[in-house]
Amino acid sequence: MTGPNRLRLDGGALVDNWRALARMSGTAACGAAVKADGYGLGAREVVQRLAGAGCRDFFVATWAEAAALADFGVSFSVLHGVRDDDMTFAAQQFARPVLNTAAQVRRWREAGVGACDVMVDTGMNRLGVSPEEIGNGLLDGLEVETLMSHLACADEASPVNERQRLAMTALAGRTNARRLSLANSAGIALGKDYAFDLTRPGLALYGGVPCDALAGVIRPVVTVEAEVLQRRRVPAGQQVGYNLTWTAARDSDVVIVNLGYADGYKRAFSNAGAAYAGDRALPVIGRVSMDLTALDATSVDVGEGDWIAFDADLPHASAASRVSQYELLTGLGRRFDRVWR
Ligand SMILES: *Cc1c(COP(=O)(O)O)cnc(C)c1O
């Protein structure tokens with residue numbers, strides 16, 4: 001059974017985006033962040049396609065996310081490390097923990113399981129052990145595959161980027177880590193100096209454009225589509241939707257589509273979003289409801305049962321809604337059929 005709304009997912013664009021980011025990463029390997037179910041697209045479909053293209057390093061947040069992908073036979077790193085409750089899973093070694101704290105390092109060392117990754121904080125003050133802890137021997141004797149850090153401001157021209165890069169450079173050779181890794185999507189665009197041995201793009205794989213340098217490089221991957229449920233005439237002066245926030249300036253034709261904020265089509269698109277029938281634009285009018293959205297279809301020939309495509313340009317949709325590109329993607333709901341081509 002197919003539902004009344006769907007995501008059209010362009011597997012060719014996904015792979016092209018990864019290849020473009022891999023080229024920009026120079027000699028470094030290019031991985032992929034697939035946490036939060038592949039940023040809402042569906043992690044299994046994403047990993048299958050990127051592994052097929054040659055990607056070997058995948059990043060998830062939790063052990064449950066890793067376990068659901070373990071059969072692909074590629075490397076998974078679990079960004080949140082290991083809690084006591086994770087150790088049974090972790091000991092099966094279908095993924096490596098990214099150890100973030102001295103307590104996690106101790107836990108992993110005592111279990112004596114095998115290779116791990118380590119996060120070091122170089123200025124974001126979010127996750128990671130400190131360079132000082134590393135200097136004091138915290139990681140001595142540990143089998144570290146990747147020593148990584150995360151950029152706080154990669155999507156802006158900030159002096160913090162260079163400071164974090166230098167902090168990473170200063171750690172080279174200070175541990176027995178096989179690889180160093182710093183750059184996310186926007187970090188790749190900062191230049192090859194930021195790539196080290198392994199890059200970790202997420203957003204840009206999925207069509208997000210976090211900085212101008214990636215505009216024109218990254219192609220859209222996700223298009224939200226929804227079916228028209230009803231077409232109606234709204235005479236001039238009448239109003240539409242909850243709290244009647246839109247008033248017809250002229251006799252108007254309005255279509256109501258099967259899509260709402262419970263699908264992840266944010267309420268912030270109320271009176272602001274854009275949809276398309278072919279190349280004809282259909283502005284979102286009134287409040288986005290839980291399961292329904294109204295569009296102005298005046299003089300556009302669409303009606304009950306026709307499919308409408310919503311704005312697939314993430315920077316544009318983000319500007320219209322003031323919702324970050326990350327939230328627009330990861331909020332995509334479970335009700336969509338996910339249709340890959
Ligand atoms: C999510 C995440 C990434 C990917 O970041 P994007 O900005 O989506 O490219 C990379 N590294 C870490 C540690 C992350 O948490």
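Tutor: Rolling a probe the size of a water molecule over the atoms shows where empty space is left. In this predicted model, the largest pocket holds about 590 Å³ of space.

Student: Which residues lie closest to the centre of the largest pocket?

Tutor: Lys35, Met124, Arg126, His150 and Asn184 do, out of 29 residues that line the largest pocket. Helix H2 (35–39) and helix H9 (185–189) are the elements that each give two or more residues to this lining.

Student: How many residues of each class are in the lining of the largest pocket?

Tutor: The count is 17 nonpolar, 7 polar and 5 charged residues.

Student: What is the volume of the second largest pocket?

Tutor: About 220 Å³. The second largest pocket has 16 lining residues, and those nearest its centre are Val240, Gly241, Ile256, Ser289 and Ala294.

Student: Now the ligand. Where does the ligand sit?

Tutor: The ligand is in the largest pocket. To read its surroundings, begin with the shell of residues around it. Here that shell has 14 residues, and Lys35, Tyr39, Ser185, Leu203 and Tyr326 are the closest.

Student: How many residues of the shell are nonpolar, polar and charged?

Tutor: There are 7 nonpolar, 4 polar and 3 charged residues around the ligand.

Student: Which polar side-chain atom lies 2.6 Å from an oxygen atom of the ligand?

Tutor: One belonging to Lys35. The cut-off for a polar contact is a pair of N or O atoms within 3.5 Å. Arg200 also places a polar side-chain atom 2.9 Å from a nitrogen atom of the ligand. For Leu203 the atom is in the backbone: a polar backbone atom there is 2.8 Å from an oxygen atom of the ligand.

Student: What percentage of the ligand's accessible area does the protein cover?

Tutor: On its own the ligand has 390 Å² of accessible area, and the protein covers 93% of that.

Student: How should I put the ligand site in brief?

Tutor: The ligand sits in the largest pocket, with Lys35 and Arg200 reaching it through polar side-chain atoms and Leu203 through a polar backbone atom.

Technical notes
Residues numbered from 1 in each chain as written. Predicted model: local features only at pLDDT ≥ 70, side-chain atom pairs only at ≥ 80, totals over all residues. Heavy atoms only, no water. 1 Å grid on protein atoms, 1.4 Å probe; cavity = no way out; pocket = protein on both sides within 12 Å on 5 of 7 lines; lining within 4 Å. Points joined across faces, edges and corners; volume = space filled by probe spheres on them. Helix = DSSP H or I, 4+ residues; strand = E, 2+ residues; numbered from the N terminus. Nonpolar A, V, L, I, M, F, W, Y, C, P; charged D, E, K, R; others polar. Near = heavy atom within 4 Å. Polar contact = N/O pair within 3.5 Å; in protein donor to acceptor, adjacent residues only side chain to side chain. Areas by Shrake-Rupley, 256 points an atom, 1.4 Å probe, with all protein chains shown as cover. Sits in = over half its atoms within 2 Å of the grid points.
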